[in-house]
Amino acid sequence: MKVYRIALVPGDGIGKEVVPAGRRLLEALARTESDCQFAFEEFPWGADFYRNHGVMMPDDGLEALKAKDAILFGSAGDPAVPDHITLWGLRLKICQGLDQYANVRPARILPGIDAPLKRCGVEDLNWVMVRENTEGEYSGAGGRVHPGFPLEVAADMSVMTRAGVERIQRFAFRLAASRPRRQLTVVTKSNAQRHAMVMWDEIACEVAREFPEVAWDKEMVDAMTARMVNRPASLDTIVATNLHADILSDLAAALAGGLGLGPTANLNPERVYPSMFEPIHGSAFDIMGKGLANPIGTFWSVVLMLEHLGEAEAARRAMRAIEQATANPKLHTPDLGGSATTGEVTEAVCALVGAAAKNPLATA
Ligand code: NAD
Ligand code: MN
């Protein structure tokens with residue numbers, strides 16, 4: 001029997017509501033799948049920790065995470081603490097510290113979801129967006145000079161390394177090759193950014209030679225936004241820089257039905273360090289503490305976690321339960337136009353997982 005060591009990092013805002021929901025789903029799976037168990041450890045890091053200790057997570061926090069098989073993360077962000085402190089002190093610290101260089105975000109229109117694209121006659125989309133997750137525009141390089149004086153200067157430097165670009169492009173080509181359409185779109189902006197993005201394009205051409213079976217094309221990031229809306233079926237696997245994919249993946253989530261639904265995997269593909277799974281959304285200050293957060297994005301992230309751990313059958317079972325829940329409008333939270341609570345959706349998904357286990361033929 002395999003016991004997976006799972007770190008739970010709820011963080012702030014609705015992270016504290018959706019991560020416990022994700023834990024409930026894993027527990028429901030473990031109850032019915034005797035050879036796959038989970039040992040949880042919760043880390044109370046985030047803005048409350050910051051208020052008490054002056055840091056978002058302790059110095060030895062990364063070491064504690066390294067001992068785990070995977071991390072389930074909620075969100076970093078608090079109304080009373082500047083966003084750059086919460087983000088850099090927790091989420092980016094973990095992603096960079098554990099070399100989770102591939103951020104992977106699938107986008108599909110789940111059953112029962114009234115996505116904007118559906119109103120344009122698009123029945124489904126099936127995208128995976130790959131985001132470079134450790135350098136580029138969010139490298140952290142830069143600084144401020146003469147703070148507070150009229151001659152103040154501020155600079156954020158986008159840093160791209162050949163090694164960093166090569167590994168994310170290779171990851172994306174490999175992922176594209178593993179999907180039925182074998183198609184990759186490389187997002188760029190090499191007309192205006194004439195150094196790093198030109199290297200990005202050159203490396204895409206080089207890596208493409210290793211994958212003759214993948215049909216690939218290039219799209220400027222601005223044109224990409226229009227293509228996602230106007231010709232969604234022309235896209236399959238997508239790779240983009242840290243900033244570009246940050247923006248494009250929120251657009252993808254919105255087009256697929258909303259920020260509450262989208263999942264994320266922050267992968268260390270070589271598995272030297274544990275990978276981290278989280279919903280695409282943030283702390284959602286406007287609804288936090290009310291029990292109204294949609295837990296589906298976290299549940300789908302749990303599915304990505306199970307796939308990464310090699311638990312394909314448990315992942316399929318969880319995804320089926322998620323799709324049965326979204327297909328039922330009574331289980332829609334207010335962001336989807338319904339009135340269900342986080343707790344009600346969680347109960348329902350856990351019950352569906354249990355029912356599928358009792359009667360495997362019913363959902364086969
Ligand atoms: P957000 O995702 O928190 O919220 C945007 C909108 O979507 C809000 O109206 C919110 O109510 C809604 N929403 C998001 N998730 C939802 C869910 N599960 N169910 C129902 N509605 C949901 O984005 P924001 O407002 O830009 O950011 C708020 C805070 O979160 C900021 O501090 C930001 O820095 C942080 N943030 C953190 C992460 C992260 O840690 N990965 C990601 C994004 C934003
Ligand atoms: Mn984002």
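Modeller: A polar contact is a pair of N or O atoms within 3.5 Å, and within protein one of them must be able to donate a hydrogen and the other to accept it. In this predicted model, the side chains of T161 and E135 form such a pair at 2.8 Å.

Colleague: With which side chain does the side chain of T185 make a polar contact, and is T185 buried or exposed?

Modeller: The partner is the side chain of D217, at 2.8 Å. T185, which belongs to strand β8 (residues 183–188), has a relative accessible area of 0% and is therefore buried. Neighbours within four places in sequence aside, the residues in contact with T185 include D217, E219, M224 and R227, and also L235, T237, I238 and V239.

Colleague: How many residues does the largest nonpolar core have, and which of them have the most contacts inside it?

Modeller: A nonpolar core joins buried residues of nonpolar type through side-chain atoms within 4.5 Å. The largest one here has 88 residues, and W127, M228 and L306 have the most contacts inside it. Helix α9 (residues 296–309) gives the most to this core, namely nine residues, and at least three residues come from each of domain 1 and domain 2. As for M228, the residues it touches beyond four places in sequence include W127, L117, M129 and L235. Another core, of 17 residues, lies apart from the largest one and has A7, F43, L90 and L98 among its members.

Colleague: How are domain 1 and domain 2 placed in the chain, and what separates their centres?

Modeller: The domain assignment gives domain 1 as 1–105 + 259–364 and domain 2 as 116–132 + 160–255. Their centres, taken over C-alpha atoms, are 25 Å apart, and 10 residues of domain 1 are in contact with 15 residues of domain 2.

Colleague: What volume does the largest pocket have, and which residues are the closest to its centre?

Modeller: Its volume is about 700 Å³. Of the 28 residues lining this pocket, V104, V128, L175, L304 and E307 are the closest to its centre. The elements that each supply at least two lining residues include β4 (102–108), β5 (126–132), α5 (162–178) and α9.

Methods: Residues are numbered from 1 along each chain as its sequence is written. Chains are lettered from A and ligands numbered from 1 in the order in which they are written. This is a predicted model: local features need pLDDT of at least 70, side-chain atom pairs count only at pLDDT 80 or more; totals for chains, interfaces and linings use all residues. Side-chain values use heavy atoms; hydrogens and water are left out. Buried means under 20% relative accessible area, exposed over 50%, partly exposed in between (1.4 Å probe, protein chains only). Helices (H or I, at least four residues) and strands (E, at least two) are DSSP runs, numbered from the N terminus. Domain bounds come from an automatic or database domain assignment. Contact means heavy atoms within 4.5 Å. On a 1 Å grid over the protein atoms alone, a cavity is a set of points where a 1.4 Å probe fits but cannot get out, and a pocket is an open set with protein on both sides within 12 Å along at least five of seven lines; lining residues have an atom within 4 Å of a point. Grid points are joined across faces, edges and corners, and a volume is the space filled by probe spheres set on the points.
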